[in-house]
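Thanks for making time, everyone.

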Amino acid sequence: MAVIFNIIGFLIAYLGAFTLLPMILAIIYREATYPFLTSALANLGLGIMMILATRDDKKRLISKQELVSLSVILFLLLIILAAMPFFLSGQFSLNEAIFEASSGLTTTGVSSQITVEKLPLSIIFWRAIFFYFSYFNIH
């Protein structure tokens, strides 16, 4: 199980690092940075703690059962963590933020917002990054 937490920790830390990219855009366009900074710090902190907690465990191959567990846990956890900037921006309710993140992770492209163009550019950029990287999950 430690191998699973190690992998999840790395992926959460990567998500936190990528959350900093729209923050740079928010600084340039003078938009709110706290949704991205808060989310990045939380994700990086959680990811690094998971990595450090499992770093001394011996590396081994993952069984099929552990791989299924990893997939389910990671899918649900990444949706919740990726929804943080949407929710913290104040543009989305909690349900809408989770829907937006899940549609990004599954690459459906559906949005809960009627006019996406009216959102802050940093939020649109976060959507684009999430859709772009989730595209590689299916290819």
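Okay, let's start in a loop: R30 sits in the one between α1 (2-28) and α2. When I say helix, I mean a DSSP run of H or I with at least four residues, numbered from the N terminus. Before I go on, this is a predicted model, so local features need pLDDT of at least 70 and side-chain atom pairs count only at pLDDT 80 or more, while totals for chains, interfaces and linings use all residues. Residues are numbered from 1 along each chain as its sequence is written, and side-chain values use heavy atoms, with hydrogens and water left out.

Back to R30. Its phi is near 55 degrees, which is a positive value in a residue other than glycine. Is R30 buried or exposed? It counts as exposed, because its relative accessibility is 79%. For those words, buried is under 20% relative accessible area, exposed is over 50%, and partly exposed is in between, with a 1.4 Å probe and protein chains only.

Next up, helix α2, residues 34-53. Which residues of α2 are buried? They're P35, F36, S39, A40, N43, G47, M50 and I51. Those residues cover an arc of only 115 degrees around the axis, so they sit on the same side of α2. The arc here is taken from the directions from the helix axis to the C-beta atoms. On the face turned away from that buried side, α2 carries the exposed residues L41, M49 and A53.

Let's pick one residue from each of those groups. N43 is buried, with a relative accessible area of 1%. If we leave aside its neighbours within four places in sequence, N43 is in contact with I12, A13, L15, G16, T19, L81 and M84. Contact just means heavy atoms within 4.5 Å. M49, on the other hand, is exposed at 57% relative accessible area.

Now for α3, residues 64-82. This helix has 19 residues and reaches 26 Å from its first C-alpha to its last, close to the 27 Å expected. Its buried residues are E66, L70, L74, L78, I79, L81 and A82.

Where does the largest share come from? That's α1, with 7 residues. Both α1 and α6 (121-135) supply at least two residues each. F10, for one, is partly exposed, with a relative accessible area of 37%.

Last, salt bridges, meaning a side-chain nitrogen of Lys or Arg within 4 Å of a carboxyl oxygen of Asp or Glu. How many are there? The count comes to 1. R127 pairs with E100, and their closest N and O atoms are 2.5 Å apart. The pair links distant parts of the chain, with R127 in α6 and E100 in α5 (residues 94-105), 27 residues apart. Both R127 and E100 are buried.

Methods
Expected span 1.5 Å × (residues − 1).
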